[in-house]
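Have a look at the model below, and let's talk it through together.

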Amino acid sequence: MSFLLLHNGNCLVKPWASKFYNCTQMVCLNDPWPDATDLQEKYQLVSATSICTDLTTADVFDIKELFNAKQSLQIVKVITAYENDLANLEPVWGDNYSKEQWLISTFSRLSCADQVVFLQPVVLSCLQSGPDIIFTPGRSGTHVLKGITNVHNYLHHDDNLLISNKLTELVNAKKIISVLRKKFIDQVCSDAIGQKYGIIVSNRHNIDKNCQITSKWKPIKLSTTNYQLTLEKICNYVDVLLGLKMLYNKHVEFSLLDNLQEHFDNIFFVKNPYRSQDIISNYSEAVDACEQEYQPIYDQIITILQRVFGTNLYNLLPKELTSAAIDCKIVD
């Protein structure tokens, strides 16, 4: 078996992995290899031997391709303590490595990992008594959760969350409530429509007005860029959820929006007055592309969340953590 190590740029990681997994060290996956020039040749090479290659946070690598690499490589996210990183960072980092950069690097790509290994124990302090908070990627059911749970404190994920006051709200919350759509195409369409025309939330008071607004919308054509942006958005969001659990030991409740439909009649919620099929000009083509290339990746992500956090339908008491989709271990 061969391994792809995701880490912060700590020089100790690859020698440790070579010894621990009994495999040969190879240069970064992004760099040229002696007997392989492109990714497919590299995947063929690793399938016939046992090596460990790596990617650091500084290495640019397509998220979709990272999931494709799972077919040939076991992806291991290696977490190291900030102090250990400072003493063993690769020279490219220089003297500009802050705790904020460490946190961003440590959370990065958790959603892509088959296994998470702590080379040193890392537990970050936080309060557990702040107000409950709904935390979503946006366009995935925030207002539905507000109506069902009666929790009105909410945050949408954004790229600056880990270096903003929003992180403090999350780490201090007693409970974090999250939700995702079941179908990747639904999230892609919602993101594209929201980006083009803005957020529109309908209820019994404004439904007629919203119908007039949406009737004037012009069609949108989806492209590969839309699919990639949504996948990156979801992965970055899930990175934060998993990081909050693994590093701060936060209590997270997770649901799929599709599983909450029986509660819709109990809240003042009306589905938006448009259909994606009517707004997306190449809807059938987009459905096919998402089903073939992106839904299998999205299903993997949902499976991780369900196994780590369970599935809360809000008709039972929250369940305790019973299993994990990602193997987590501390290695001294």
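What follows is a set of questions and answers on packing, cysteines, salt bridges and one serine.

This is a predicted model, in which local features need pLDDT of at least 70, side-chain atom pairs count only at pLDDT 80 or more, and totals for chains, interfaces and linings use all residues. Residues are numbered from 1 along each chain as its sequence is written, and side-chain values use heavy atoms, with hydrogens and water left out.

Q: Which strands do the buried residues of α1 pack against?
A: Helices (H or I, at least four residues) and strands (E, at least two) are DSSP runs, numbered from the N terminus. In α1, residues 13-20, the buried residues are Val13, Lys14, Trp16, Ala17 and Ser18, where buried means under 20% relative accessible area, exposed over 50% and partly exposed in between (1.4 Å probe, protein chains only). Their packing partners are β1 (3-7), β2 (24-25), β3 (51-56), β4 (74-79) and β5 (115-118).

Q: How many disulfides does the structure hold?
A: A disulfide is called when a pair of cysteine sulfur atoms lies within 2.5 Å. The sulfur of Cys211 is too far for a bond, as the closest cysteine sulfur, in Cys189, is 19 Å away. Cys211 is partly exposed at 34% relative accessible area. The number of disulfides in the structure is zero.

Q: Is Cys28 buried or exposed?
A: Cys28 is in no disulfide, and the nearest cysteine sulfur, that of Cys52, is 12 Å away. With a relative accessible area of 10%, Cys28 is buried.

Q: How many salt bridges are there?
A: The rule asks for a side-chain nitrogen of Lys or Arg within 4 Å of a carboxyl oxygen of Asp or Glu. Counted this way, the salt bridges come to nine.

Q: How many residues apart are Asp114 and Lys70?
A: These two form a salt bridge, with the closest N and O atoms 2.7 Å apart. Asp114 sits in the loop between α5 (99-107) and β5, and Lys70 in the loop between α3 (63-68) and β4. Asp114 is partly exposed at 22%, while Lys70 counts as buried at 18% relative accessibility. The pair links distant parts of the chain, and the separation is 44 residues.

Q: Which residue does Lys183 form a salt bridge with?
A: Lys183 lies in the loop between β8 (176-180) and α8 (184-197), and its partner lies in helix α12 (residues 283-309), so the pair ties together parts 108 residues apart in sequence. The closest N and O atoms are 3.7 Å apart, and the partner is Glu291.

Q: Is Asp191 buried or exposed?
A: The side chain of Asp191 meets that of Lys233 in a salt bridge (2.6 Å, N to O). Lys233 is in helix α10 (residues 224-248) and Asp191 in helix α8, so the pair ties together parts 42 residues apart in sequence. Lys233 counts as partly exposed at 21% relative accessibility. Asp191, with a relative accessible area of 11%, is buried.

Q: Which side chain does a polar contact of 3.3 Å join to that of Ser105?
A: Ser105 lies in helix α5 and counts as buried at 3% relative accessibility. A polar contact is a pair of N or O atoms within 3.5 Å; within protein, one must be able to donate a hydrogen and the other to accept it, and residues adjacent in sequence count only if both atoms are side-chain atoms. The side chain joined to Ser105 at 3.3 Å is that of Thr57.

Terms used:
Contact = heavy atoms within 4.5 Å.
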